[in-house]
Amino acid sequence: MKKFLSGNEAFAEGIRLARPQVISAYPITPQTIVVERLSEMVEDGSLKAEYVHVESEHSAMSCAIGASAAGARAFTATSSQGLLYMAECLYYAAGGRFPIVMMNADRSTALPWNIYGDQRDSLSQLDSGWIQAYAENAQEALDLALMSYRIAEDKRVSTPYMANLDGFILTHTYETVDIPDSEQADRFLPPYETDNRIDFENPKNMAFSAGPDTNSIFKYKEHKGILAAKEVISETEKDFAEIFGREYTGLIENYRTDDAEYVIVTLGSIAGLCRETADRLRESGVKAGVVRIRYMRPFPNEEIAEVLSNVKSYAVLEKDISFGNEGAVFTNVNSALKKAGVSVKGYNYIGGLGGQNISASDIEKIYSDIVNGTDDVNFIGIGDEENGK
Amino acid sequence: MRPYLREKKSFSFDEVPENTSFEAGYLVTANSGWRSIRPVVSSEKCVGCEQCYLYCPDGVISIKEGKALIDYDFCKGCGICAKICRIGAIEMEAERK
């Protein structure tokens, strides 16, 4: 069935099809609508779940951990300050290997206070042990919602999953979305079964401490679990394509990269405009390409190194800055190339902070900059004559 | 069955669980080192009413042969059992170390 939906609404539809048994959430702009829609579905009976009204994001994640520890499929959603407030619990969820799914509406963090989209909230949590996916459009958001539980709950993975949607640009804009029927969804996603739960027949200590003698073994196993997601994502997308007819490309998505000389590596909704710009530049003879990172964790080290190994230069365009260094995505991309022994000059473009518009001419300028050479780290809109600087 | 102090052993890589759940009550370290006062049950006065058992926040009290029995490996010395005992069968005494 096709419907005209916002990113938030599309994600809520995907979650409805995934049949979570417990939803705990606290509203925050621009995430609010996803949890509003889910509460309506619980109210009208189209989703049979326990909907828990909590007093904060810290409690929302704590509740999801408790639900998962009881063997339930759990969902929550947040954004920005809410994500930071629940940060302590993100590590508990990952370390406890509870396959919770969370939607995060990517939004700026204070100060200055700002409710609009950038990716500084989720990218600050790369080390929390969560799988991190970045959607480009509402259809992908719905599909990620459905695939997320299959990936997170796989026994090889057992890792929580954060699906990120650009605040407002994705969460609040409408597009036509295909909603699968529930029979198809049930065929794709079996009910959650786990031994990592409270069990009266077989009593366990849950979420315990581990001293210096075993702690690194637990952390190593956690690391192996999230790395295993790479293979599971690929298998899941294959099954997804067979049942629903939509294909996805794993950790990254390449566009016109086969013969590309200049490539923008980016993530989230801005990738579409990058592809359009690349098409236009191709008409004037610039061999432009685009790599869209779909998963920041597990990170696509080999895939990035392979696609960038023959380019002349690349730019990483991201809505993030790790103050005192550069954008976190740039750091990760450069590390992938270094490990693979690929020596290509790369440049970092920081843009879209606090909802700043990134225009087609900004992207065109990135391509022309990296053809000619520029500073290592560049802020879009700063130092530009057009901005009167 | 109540938890008891196990002999400490080192776990091999494969014995370390994949997640943070393990056999309930698997305790390898006594946890009472900072206790400054300890509850002492008078077996003459105790009637085995189980109020202390219900209120103990650490779950270290059990009833044996009709009397309260305290597991000093895990008792923190908070004194709630002495406070809740209506017949005054539990006294808090200074730890002598």
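This is a predicted model: local features need pLDDT of at least 70, side-chain atom pairs count only at pLDDT 80 or more; totals for chains, interfaces and linings use all residues.
The crossing in which α1(A) passes α2(A) is right-handed.

On the side of α1(A), the contact is made by A:N8, A:E9, A:F11, A:A12, A:I15 and A:R16, while α2(A) brings A:I33, A:V34, A:R37, A:L38 and A:M41. By class, the residues of this contact of α1(A) with α2(A) divide into seven nonpolar, one polar and three charged.

## The seven-stranded sheet

Chain A holds an open sheet of seven strands with mixed pairing, in which the order is β3-β2-β4-β5-β7-β6-β13. Why do β3 (50–53) and β13 (295–297) of chain A each have one side without a neighbour in the sheet? Both stand at the edges and each has a single partner strand, so one side of each is left open in this sense. On average, and with direction ignored, neighbouring strands of this sheet are turned by 20° against each other.

At the β13 end of the order, β6(A) and β13(A) pair in the antiparallel sense over two bridges, and A:A133 stands opposite A:Y295 in β13(A). Helix α3 (residues 57–69) of chain A lies across β2, β3 and β4 (74–79) of chain A, and its direction is at about 160° to β4(A).

A:P30 is placed in the loop between β2 (22–25) and α2 of chain A, whereas A:P112 lies in the loop between β5 (101–106) and α6 of chain A.

A further point concerns A:S158, which has a positive phi of about 40° although it is not a glycine. This serine, A:S158, is found in the loop between α7 (138–153) and β7 (161–166) of chain A.

## The six-stranded sheet

Another open sheet of chain A is formed by six strands in the order β10-β12-β11-β14-β15-β16, again with mixed pairing. Its edges are taken by β10 (252–255) and β16 (377–379) of chain A, each of which has a single partner strand, so one side of each is left without a neighbour in the sheet. Neighbouring strands of this sheet are turned by 20° against each other on average, if direction is ignored.

Within this sheet, strand β14 (residues 313–318) of chain A and strand β15 (residues 345–350) of chain A run parallel and are joined by six bridges, and A:A315 stands opposite A:Y347 in β15(A). Helix α12 (residues 328–340) of chain A lies across β11 (262–266), β12 (288–293), β14 and β15 of chain A, running at about 145° to β14(A).

## Two domains of chain A

The domain assignment of chain A gives domain 1 (2–244) and domain 2 (252–379), and the C-alpha centres of these two domains of chain A lie 27 Å apart. Their contact takes 26 residues from domain 1 of chain A and 20 residues from domain 2 of chain A.

Which elements give two or more residues to the side of domain 1 of chain A that touches domain 2 of chain A? They are α6 (120–123), β6 (131–134) and α9 of chain A, and α9(A) gives the most, with five residues. The residues of this side of domain 1 of chain A divide into 14 nonpolar, six polar and six charged.

## Where chain A meets chain B

The contact between the chains takes 16 residues from chain A and twelve residues from chain B. On the side of chain A that touches chain B, the elements that give two or more residues are β9 (204–206) and α9 (215–244) of chain A, and by class this side has six nonpolar, six polar and four charged residues.

Strand pairing also links the chains, with β9(A) and strand β2 (residues 21–23) of chain B paired in the antiparallel sense over three bridges. In this pairing, A:K204 has B:E23 in β2(B) as its bridge partner.

Definitions and conventions: Residues are numbered from 1 along each chain as its sequence is written. Chains are lettered from A and ligands numbered from 1 in the order in which they are written. Two residues are in contact if their C-beta atoms, placed from the backbone, lie within 7 Å. Helices (H or I, at least four residues) and strands (E, at least two) are DSSP runs, numbered from the N terminus. Ala, Val, Leu, Ile, Met, Phe, Trp, Tyr, Cys and Pro count as nonpolar, Asp, Glu, Lys and Arg as charged, and the others, Gly among them, as polar. Two strands pair if DSSP finds at least two bridges between them. Domain bounds come from an automatic or database domain assignment. Axes are lines fitted to C-alpha atoms, for helices over the stretch in contact, and angles run from 0 to 180 degrees between N-to-C directions. A crossing is left-handed if the near helix is turned anticlockwise from the far one by less than a right angle, and right-handed if clockwise.
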